[in-house]
Structures are given as C-alpha cells and as structure tokens.
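This report walks through the packing of one chain. Keep the model open while reading.

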Amino acid sequence: MFSFYKRHNNELYNKLVQLSRNIFFYNKAGLQDSFQTRIILIFMHLSIILIILKKKKNKLPQEIYDNIFLNIEYNLRELGDGDVAVNKKMKILNKIFYDILLKIQSKNSKKFEIEKKMIKKHLFYGIDESEQFIVKISEYLESFYNFCFVLEDNIMVKGQINFKY
C-alpha cells in the first residue's frame, strides 16, 4: 500500500556542487557562471575521482553514481524543463560526461596531467578564451587530483573532500 522512499546519499553530489561553485572559476579563471558551466565542472571533478578510484583498483558505488545524475535531472526539472526536454538534455549531458572522462587525462604524460584541449572544448564554448585561463583551470584540476589521490577511498565517496584552492 505505502511505497517507502529510498533515501539518497547526496553527500558526494553536494560536495561536487560546492566545488563547482568555487569563486576561483568565475573571478580568476574567467568562466561564465551558468548552469552548463557548473555541470561541466561537476563532471570534471567526478571524472578525477573516478580516475583515482580506478588507479587504486576500486569503484564508485553505482547508487552514488546514479544519484549524481538523478540530482542533475531534478535540477533540470526545477529550471522548468519538461519530460521531453529533460530526457534530451540528460542524453547530451551523459555524452559530455563520458567525453570528459575519456579525455581529461593527457595520454602523453606519465604523471596525471589535464588535457587542455578538453578544457577549451567544454568550458570555453563560444567565448574568447585566453591560454592563461586554461592553464589556471588545468593547474586547479591537477591540484585537486593530487589532493584527492592521498585521501582514503571511502572519504572521497562520502564527499568529505576538504579541498581549498
């Protein structure tokens, strides 16, 4: 008769949102403060976490991964998009996420290095970018990687990442 609501674990998602709202991106790196930019930044941070977990031979629990995308879907609905628009945008966002995940790391480097073409493609779409802004974002993401790599896996998965830049 009653359906019980399965409580979601939003801790990692909330931390990713907090990281994407870092004033550094908008004041010092010259990004537009928009929903699209914040989603891309969430995807970049999540991709780094997934890369770290893979290097440590661990995985992000599926329900946490699903919850992150469910929260993004809820946010699209709150912005007023209908079912058809949300489904279409989620399909596009999934493609963007996997593109970022596959291309975020430079394949030519033995250490972790951000692929600058990927930053230009996803964050500076249609605006005049400066190489210095791309370098700043690249340095930020590499610092985030180095910070998270030394954390225990369960701390990252729980969203207890206290990264300051």
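Phe-97 is buried in this predicted model, at 0% relative accessibility. Its ring pairs with that of Tyr-65. The centres are 6.0 Å apart and the planes stand at 55°, so the pair is tilted. Tyr-65 is buried too, with a relative accessible area of 15%. The pair links distant parts of the chain. Tyr-65 sits in helix H4 (residues 62–78), Phe-97 in helix H5 (residues 83–103), and 32 residues separate them.

**Aromatic pairs and cluster**

A search of the whole structure finds 18 aromatic pairs. One of them joins Phe-24 and Phe-25 in an edge-to-face arrangement, with 5.4 Å between centres and 65° between planes. Is Phe-25 buried or exposed? Phe-25 is buried, at 0% relative accessibility. Phe-24 is buried as well, with a relative accessible area of 7%. Both rings belong to one aromatic cluster, whose members are Phe-24, Phe-25, Tyr-26, Tyr-140, Phe-144, Phe-147, Phe-163 and Tyr-165.

**A charge over a ring**

Phe-149 lies in helix H7 (residues 131–149). Lys-56 sits over the face of the Phe-149 ring, 5.2 Å from the ring centre. Leaving out residues up to four places away in sequence, Phe-149 touches Ile-52, Lys-55 and Lys-56. Ile-48 is 101 residues from Phe-149 in sequence, yet their C-alpha atoms are 9.3 Å apart in space.

**The nonpolar core**

In soluble globular proteins, nonpolar side chains tend to be buried together. Here the largest nonpolar core has 55 residues. Phe-43, Met-44, Ile-48, Leu-60, Ile-119, Leu-123 and Ile-161 have the most contacts inside it. Helix H1 (11–20), helix H2 (23–28), helix H3 (35–55), H4, H5, helix H6 (116–123), H7 and helix H8 (153–157) each supply at least two residues of this core. Which helix gives the largest share of this core? H3 does, with 13 residues.

Apart from its neighbours within four places in sequence, Ile-161 is in contact with Leu-12, Lys-15, Ile-49, Phe-144, Phe-147, Cys-148, Leu-151 and Met-156.

**Helix H1**

H1 is mostly covered, with seven of its 10 residues buried. Those residues are Leu-12, Tyr-13, Lys-15, Leu-16, Val-17, Leu-19 and Ser-20. They pack against H2, H3, H4, H7 and H8. Ser-20 of helix H1 has a relative accessibility of 1% and counts as buried. Beyond its neighbours within four places in sequence, Ser-20 is in contact with Phe-25, Tyr-26, Arg-38, Leu-41 and Ile-42.

**Two loop residues**

Ser-106 is found in the loop between H5 and H6. Ser-106 is buried, at 7% relative accessibility. Not counting residues up to four places away in sequence, Ser-106 touches Glu-113, Ile-114 and Glu-115.

Lys-57 is in the loop between H3 and H4. Lys-57 has a positive phi of about 65°, although it is not a glycine. At 73% relative accessibility, Lys-57 counts as exposed, because the limit for exposed is over 50%.

**Accessibility at a glance**

The table collects relative accessibilities for residues discussed above.

| Residue | Relative accessibility | Class |
|---|---|---|
| Phe-24 | 7% | buried |
| Tyr-65 | 15% | buried |
| Ser-106 | 7% | buried |
| Lys-57 | 73% | exposed |

**The largest pocket**

Rolling a probe the size of a water molecule over the atoms shows where empty space is left. The largest pocket has a volume of about 390 Å³. Its lining consists of 16 residues. Leu-50, Ile-51, Leu-53, Lys-54 and Leu-101 lie nearest the centre of the pocket. H3, H4 and H5 are the elements that give two or more residues to this lining. Which element supplies the largest share of the lining of the largest pocket? H3 supplies it, with five residues.

Key. Residues are numbered from 1 along each chain as its sequence is written. This is a predicted model: local features need pLDDT of at least 70, side-chain atom pairs count only at pLDDT 80 or more; totals for chains, interfaces and linings use all residues. Side-chain values use heavy atoms; hydrogens and water are left out. Rings of Phe, Tyr and Trp (its six-membered ring) pair if their centres lie within 6.5 Å; planes under 30 degrees apart count as stacked, over 60 as edge-to-face and the rest as tilted. Buried means under 20% relative accessible area, exposed over 50%, partly exposed in between (1.4 Å probe, protein chains only). Helices (H or I, at least four residues) and strands (E, at least two) are DSSP runs, numbered from the N terminus. A charge sits over a ring if NZ of Lys or CZ of Arg is within 6 Å of the ring centre and within 35 degrees of the ring normal. Contact means heavy atoms within 4.5 Å. A nonpolar core is a set of buried Ala, Val, Leu, Ile, Met, Phe, Trp, Tyr and Cys residues joined through side-chain atoms within 4.5 Å. On a 1 Å grid over the protein atoms alone, a cavity is a set of points where a 1.4 Å probe fits but cannot get out, and a pocket is an open set with protein on both sides within 12 Å along at least five of seven lines; lining residues have an atom within 4 Å of a point. Grid points are joined across faces, edges and corners, and a volume is the space filled by probe spheres set on the points.
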